Amino acid sequence: MMTTNLTSKKPFELDWKRTLFWGSVCALSQVFICLVGLPSELNRRILIESTLSLGYLFILWIPLVFGYVVSKMVELEGVENPKPGAADLLSGALTGLLGSLGLVLLMLGIDNLDMRDPLINWNQKLFRLLTFENSISFGSLVWIPVGVGLGTIGASLHQMSGQIRKMSAYAMFGLFSFAVLEDVIDDLSEGFRLEWLSDMIYAKKGGMTVTSAIVLAIVLALLPLITRGKFKKTVDRYRSDAKPENQRRNSVVLFSTVAVLVIVLPWFLGGIINELLANVGLFLLLALGLNIVVGLAGLLDLGYVAFFAVGGYTTAVLTSPNSPWFSPETHFGISLLVVVVMATLAGLLIGAPVIRMRGDYLAIVTLGFGEIIRLLFLSDWLKPYLGGSQGITNVPAIDLGPWEVRGADPRSVFYMVLVFCVFAIYISWRLQGSRLGRAWMAIREDESVAEVMGINTVNSKLMAFVVGAVLAAFSGAVLAAKVGSVFPKSFEILVSIIILVVVIVGGMGSITGVMVGSLVLIGILGGPRQPGLLQEFQNFKLLIYGALLVFMMLKRPEGLVPTARRTRELHQEEYLQDAWLGDDESEDREEVGEQL
Amino acid sequence: MSLLEIHNLQVTFGGLDALSNLDFSIEEGEIVSVIGPNGAGKTTFFNTISGMIPPTSGEIIFNGESVLGLDPNQITEMGIARTFQNVRLFPNMTVLENVMVSQHCRTSQLVVGALFQTKAFKQEEKEIRERSEEILGFFGTRLVGYRLDQPAFALSYANRRRLEIARAMATQPRLLLLDEPVAGMNPIETTELTGLISKLRDEWGFTIVIIEHDMKVVRDVSDRVVVLDHGVPIAQGAYDEVSTNPNVIEAYLGRPVEAKS
Ligand SMILES: Nc1ncnc2c1ncn2[C@@H]1O[C@H](COP(=O)(O)OP(=O)(O)OP(=O)(O)O)[C@@H](O)[C@H]1O
Ligand SMILES: [Mg+2]
């Protein structure tokens, strides 16, 4: 056999260097998270009654993950991997132990040193949290075994059979989802008159009850056993069903299910959740627009918020009686037409000077333009027209005959946004498969070659800008009517960046990806000013967005729900190898043989 | 009137004359080979004609109109298409999409047609698709069937070269510039492609300029050969004339004195 045999690893032969390294990283991460203030702040949010809060969870996942990481094998080609053994468990445990020691040091530090000046969270609140309102020795007695245990569990994940690993993953993520989605489930069960259900799962003061958590965990863990991959099989069958008529039927089924759910569910949801969904929708609309610009045409536009602002301000000026300079008080429908015109103009105006730039230059310049537009709205110069920092208030509700869309009724806003999102999805879908969409892709792939192949790159890129601008402006228009006012503050650079993160995390160029991205990020973490399901995150949103972005870029650059194309692209090598092995070469060889 | 006329063309890169005093013309229906040692300026010549590099001085006239100062896409629209020596496909687009997208300048549908799926839009899409399949069919079975939907990067090297040609054909040119189309192909594939190049003129009616190092290919396909050395045309004429020209031999083999040292 050609493979080098490395299996002669003794059971307790530890890779000390590696363990020490990851142990220190674990300790540092835990201390860092504590000092950032995540645990103290998130301690309010109870996940499991009197046992686990989101704050503690933020410390606890660290040894688990690093235990997993430290014992992960490096897969070498042509080398038989050593069997995972007790040594790996031990290094996992040691990693967890080092992490806990970090926490113990932190407790000692807080007790003896005063470092509150640079470190705001170096305080009693954190101390009490870490010591469980008890002494340092009590705290240490808890943290050390917990850290060791979690590190070991993390390490043992490699050694579990696939089935068990799957079961524990189901249990953990399921429980976590139940805990996080408490508000939604509460709301839903109220809507369906099933209050007893949520009363059973959740405790009065928030969080799941211990019993329900245990029961749920067991049920969830058994889920993969019961379904035995049937679910996945069905999905796979639906996907790879090659017959076109079946494909059509499948997409009709899928489409109608989603449509019915989206239309019916809001009636069973309360105000808060509907508000949340409306926000998700507003950001989805923005993200769909940006997806065309960045995902399809490959133009990294960091000033995207400018178009959002244009939509908002146009609507406010045209419909609000309080508009300081020009106040025709038109109907929303009419203002919407003007919004399209203004957005197109803005798209051309911002697009024209920057469109000949490429890559990073484009990003920087659009970033600047985004800020310029916001500063213009804020400026004294335009104050007589647009209200300066006071903005324009009293933007009326949208009057739709029998219905009215206003901020106080989030459900109506949600439906309004839904209409726009459906429109945006339709646009993206149709354009993707059109002459223009192909030109965008070609430009994204290689701009100079696209030009030589006869594509008018300037026009095509401007088109992308304009389509994106119009969608963003729609979102701004609805926002103005929803909130009832517009301020320059609502259009900070941060909006551009968060939308970009949504698109990247969801999966660039993928419509489904963008939907999932906005639902997860905006829905759970929240938008720049809008709280999500985990309202406690408000202060840490940017930290988490940033961490998520870095993580995604490193580990899954194609996004949560990538397009088939992107997956191929980023895993090109594997694919190439397959293609090579699969057919090309052998076929060509055959032909050669024939001809010889 | 010649299809392409080049007068006194000069291209300079920071002091280095990549092309100088280039004067020649191409008649409709010709196959002309451009040869010369590495770095002679052959690719630069193509880059200049296709509008990717502005010439320092001189004039390029295609079909009676000057192409200087035009954008590459306008030049393509006038009827000049090219392939790249270092294959530059759109790697993540499928084989079919690569060819479809290259018909951009011959088609016109924009946003509205796509949104309302108008009759004209559907008709145009259908035509684009059919024409693409017809063009890909030119290479026999190599680029059709399941390969239509494969991303371009998954193709074998020879197939990439073929797709480059297909893509250029899709722009419906009158003048086709092929930059080393058989580089990296094995002898059998080379023979096959040589036949296809003649067909490109005889059946598709393209006028062809081809840069090639493979002398067998040059001999087989070309009506006329132009030799460049250090950016200067040193000989032109029929293959047999040129291949025995002492200047050409010297350019390829170096001067006897240099060869010794
Ligand atoms: N963009 C550029 N900037 C600077 N110098 C260039 C550029 N493109 C080409 N050159 C130089 O011009 C000269 C001619 O290059 P060109 O690519 O045209 O040669 P070639 O005849 O195509 O050679 P080969 O047979 O290797 O393809 C070379 O010396 C090259 O280094
Ligand atoms: Mg060259």
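Biologist: Which element gives the most to the shell around ligand 1?

Modeller: The model is predicted, and 13 residues lie around ligand 1, with Gly39(B), Lys42(B), Thr43(B), Thr44(B) and Gln85(B) coming nearest. The elements that supply two or more residues to this shell are strand E2 (16-26) and helix H1 (42-49) of chain B. With three residues, the element that contributes the most is H1(B).

Biologist: Which residue has a polar side-chain atom 2.5 Å from an oxygen atom of ligand 1?

Modeller: A polar contact is a pair of N or O atoms within 3.5 Å, and Ala40(B) places a backbone N or O atom 3.2 Å from an oxygen atom of ligand 1. Asn38(B) brings a polar side-chain atom to 2.9 Å from an oxygen atom of the ligand. The residue whose polar side-chain atom lies at 2.5 Å from a ligand oxygen is Thr44(B).

Biologist: How much of the accessible area of ligand 1 does the protein cover?

Modeller: The polar contacts include the one made by Thr44(B), whose polar side-chain atom lies 2.5 Å from an oxygen atom of ligand 1. On its own, ligand 1 has 640 Å² of accessible area, and the share that the protein covers is 61%.

Biologist: How many residues of the shell around ligand 1 are charged?

Modeller: The shell residues divide by class into four nonpolar and seven polar. The remaining class, charged, has two.

Biologist: Which element gives the most to the lining of the second largest pocket?

Modeller: The second largest pocket has a volume of about 570 Å³, and of the 21 residues that line this pocket, Val310(A), Thr314(A), Met342(A), Phe377(A) and Leu386(A) are the closest to its centre. Two or more lining residues come from each of helix H14 (305-319), helix H15 (332-354), helix H16 (359-378) and helix H17 (383-386) of chain A. With six residues, the element that gives the most is H15(A).

Biologist: How many residues in the lining of the second largest pocket are nonpolar?

Modeller: By class, this lining has no charged residues and one polar residue. The number of nonpolar residues is 20.

Biologist: What distance separates the centres of domain 2 and domain 3 of chain A?

Modeller: The domain assignment divides chain A into domain 1 (14-159), domain 2 (162-228) and domain 3 (269-492). Taken over C-alpha atoms, the separation between the centres of domain 2 and domain 3 of chain A is 39 Å.

Terms used:
Residues are numbered from 1 along each chain as its sequence is written. Chains are lettered from A and ligands numbered from 1 in the order in which they are written. This is a predicted model: local features need pLDDT of at least 70, side-chain atom pairs count only at pLDDT 80 or more; totals for chains, interfaces and linings use all residues. Side-chain values use heavy atoms; hydrogens and water are left out. A residue is near a molecule or strand if one of its heavy atoms lies within 4 Å of it. A polar contact is a pair of N or O atoms within 3.5 Å; within protein, one must be able to donate a hydrogen and the other to accept it, and residues adjacent in sequence count only if both atoms are side-chain atoms. Accessible areas come from the Shrake-Rupley method with a 1.4 Å probe; for residues, only the protein chains shown count as cover. Helices (H or I, at least four residues) and strands (E, at least two) are DSSP runs, numbered from the N terminus. Ala, Val, Leu, Ile, Met, Phe, Trp, Tyr, Cys and Pro count as nonpolar, Asp, Glu, Lys and Arg as charged, and the others, Gly among them, as polar. On a 1 Å grid over the protein atoms alone, a cavity is a set of points where a 1.4 Å probe fits but cannot get out, and a pocket is an open set with protein on both sides within 12 Å along at least five of seven lines; lining residues have an atom within 4 Å of a point. Grid points are joined across faces, edges and corners, and a volume is the space filled by probe spheres set on the points. Domain bounds come from an automatic or database domain assignment.
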